[in-house]
Amino acid sequence: MDLEKFSSVVRHVTQAMQHGRIGFSLQQINSVDDPSEVLYSECLGRLVEPDGTIRTCGEFIAFLEASGRAPAFDRHVVDLAFEWLARHPSAALGCNISAENIADIQSWATLYDLLYKHRAMAPRLVLEITESLPIATLSAAADLLQSVRELGYKIAIDDFGTGYSTPETLLALPVDIVKIDGFFVQRRGDKAERFLRHMVGLASCAASTVIVEGIETYAQLEAAKTAGATHVQGFLLSEPTLPPVHCGQVSRHAVATKWMM
């Protein structure tokens, strides 16, 4: 990774947070039995450049993870989600939470304080644990996640079946929702269908709600339903806007404080 580019991207995201240019778009999670029924909508991070250009989270999140700054960014988006939920009392959202938030006790304490402060909205927020990095101690992570479940938040494992989202992780952590990576529905053939069915079956052992991601065709929707999934997510039923639906106005001091923690 180019060091100059690395530093530039991290600095760029920090400045965007300071100036209220970080926001999110939404993508719905739909029921397989009734696609008009929405379980919740996932927040997809967006960065708005000074000239109006929109950057998706995928363009910079790896740099934040490599620098150890992903937890601060996660908290920033969760903060924005609470703002949005306060204005939409009948809605529910999901926010990505990197494994780093669990591995580092200071990051966890800061996140927990934020979640505790807004616990009245807990039933309307799903914390999606993303595991691009491994969770070091599963037993300790289980205790931490259970503490926020007791506040009323739901826990989802994101991208199950790829990266560090292993069966060991799934069965060790207290979860309410499992999201199966779109890789397993975007392959064709009998072998792929068997894999998807087994993945859904395994996920069902840990959670009553199983979401298949990456649904782009009606054939994939039917495959997810046949495999036993309860919900789906993808462009077929919900295409998120590139411009964010919500951006927050956060002060320089507030962002700097959160960024350093």
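Visitor: What makes T137 count as buried, exposed or partly exposed?

Guide: The relative accessible area of T137 is 44%. Buried means under 20% relative accessible area, exposed over 50%, and partly exposed in between, with a 1.4 Å probe and protein chains only. T137 is therefore partly exposed. This is a predicted model, in which local features need pLDDT of at least 70 and side-chain atom pairs count only at pLDDT 80 or more, while totals for chains, interfaces and linings use all residues. Residues are numbered from 1 along each chain as its sequence is written, and side-chain values use heavy atoms, with hydrogens and water left out.

Visitor: Where is T137 placed?

Guide: T137 sits in the loop between β5 (125–130) and α6 (138–149). Helices (H or I, at least four residues) and strands (E, at least two) are DSSP runs, numbered from the N terminus. The C-alpha atom of T137 is 9.2 Å from that of I102, 35 residues apart along the chain.

Visitor: How many disulfides are there, and how do you know?

Guide: The count is zero. A disulfide here is a pair of cysteine sulfur atoms within 2.5 Å. For C95, the closest cysteine sulfur is in C43 at 3.8 Å, so the pair is too far apart for a bond. For C57, the closest is in C95 at 11 Å, again too far.

Visitor: Why is C95 called buried?

Guide: Because its relative accessible area is 1%.

Visitor: What makes a set of residues the largest nonpolar core, and which residues have the most contacts inside it?

Guide: A nonpolar core is a set of buried Ala, Val, Leu, Ile, Met, Phe, Trp, Tyr and Cys residues joined through side-chain atoms within 4.5 Å. The largest such set has 70 residues, and those with the most contacts inside it include V13, F73, F82 and L93. Helix α3 (residues 70–87) gives the most to this core, with nine residues. Apart from it lies another core of six residues, among them I29, V126, A156 and I177.

Visitor: Why is α3 said to be largely enclosed?

Guide: Of its 18 residues, 14 are buried, so the rest of the structure largely encloses α3. From its first C-alpha to its last, α3 reaches 26 Å, close to the 26 Å expected at 1.5 Å a residue; the expected span is 1.5 Å times one less than the number of residues.

Visitor: Which residues is F82 in contact with?

Guide: Contact means heavy atoms within 4.5 Å. Leaving aside neighbours within four places in sequence, F82 is in contact with L114, L115, H118, M121, L125 and Y153.

Visitor: What is the accessibility class of D159, and why?

Guide: D159 has 29% relative accessibility, so D159 counts as partly exposed. This residue is in strand β6 (residues 154–160).

Visitor: How do you know that the radius of gyration of the protein chain agrees with that of a compact globule?

Guide: The radius is taken over C-alpha atoms, and the globule rule is 2.2 Å times the number of residues to the power 0.38. With 261 residues the rule gives a value near 18 Å, and the chain has 18 Å, so the two agree.

Visitor: What is the mean pLDDT of the protein chain?

Guide: pLDDT is the predictor's confidence in each residue, from 0 to 100. The mean is 89, and 92% of the residues reach 70 or more. Over residues 250–261 the pLDDT is below 50.
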